[in-house]
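I opened a new page for a structure I had not looked at before. Here is what I looked up, in order.

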Amino acid sequence: MFLPLASRAPLYGRLLWELVRDDRTPVGRKALLAGALGYLVLGRDLVPDDLPVVGGLDDLVVVVLAVDVFLDGVPADVLDEKLAELGIDPRAFRGDVARFRRFTPGVLRRIIRRAPAMLAAAGDTLQNSGIGPKVRNWINREESIA
């Protein structure tokens with residue numbers, strides 16, 4: 001079941017990289033993917049990794065959800081273009097994505113799918129609040145004191 005997916009994993013990694021590099025991919029989706037990568041790299045887990053089986057499961061769920069939401073936000077024409085460029089069979093790709101999605105709870109996927117819009121709204125709110133220049137001034141003032 002996972003053997004075909006595993007054999008195509010390096011190609012799918014290349015696909016993700018090409019989609020991240022493409023300017024037509026929404027920045028919010030790229031940020032979500034970067035956040036998931038940061039979660040894996042930092043090592044601060046919701047469930048400690050030293051717990052057998054369950055310890056690594058949270059990392060897997062974070063990756064699966066981040067990739068799922070990332071791909072969901074990529075414009076279809078961009079995704080199709082990159083699949084063609086890399087010689088990836090679109091039917092096999094969509095089958096693998098569907099197989100991957102079956103392992104994540106629907107409720108969790110729905111919550112995570114709202115994350116990019118919430119991040120964008122938070123960013124807009126911060127930008128419109130005028131707090132950015134105040135924080136920069138405060139940081140610069142603290143640096144000059146030290």
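**Ground rules.** This is a predicted model, where local features need pLDDT of at least 70, side-chain atom pairs count only at pLDDT 80 or more, and totals for chains, interfaces and linings use all residues. Residues are numbered from 1 along each chain as its sequence is written, and side-chain values use heavy atoms, with hydrogens and water left out.

**Aromatic pair.** I searched the whole structure and got one aromatic pair. The ring centres of Y12 and F93 are 5.4 Å apart and the planes sit at 80°, so I noted the pair as edge-to-face. (Rings of Phe, Tyr and Trp, the last by its six-membered ring, pair if their centres lie within 6.5 Å; planes under 30 degrees apart are stacked, over 60 edge-to-face, the rest tilted.) Y12 is in helix α1 (residues 3-21) and F93 in helix α5 (residues 90-101), so the pair ties together parts 81 residues apart in sequence. Helices here are DSSP runs of H or I with at least four residues, numbered from the N terminus. I found both Y12 and F93 buried, meaning under 20% relative accessible area, with exposed over 50% and partly exposed in between (1.4 Å probe, protein chains only).

**Helix α3.** How far apart are the end C-alpha atoms of helix α3? They are 29 Å apart, which agrees with the 28 Å that its 20 residues (54-73) should span at 1.5 Å a residue; the expected span is 1.5 Å times one less than the number of residues. Its buried residues include D58, D59 and F70.

**Helix α8.** I139 lies in helix α8, and I logged I139 as partly exposed at 37% relative accessible area.

Note on methods: Helix = DSSP H or I, 4+ residues; strand = E, 2+ residues; numbered from the N terminus.
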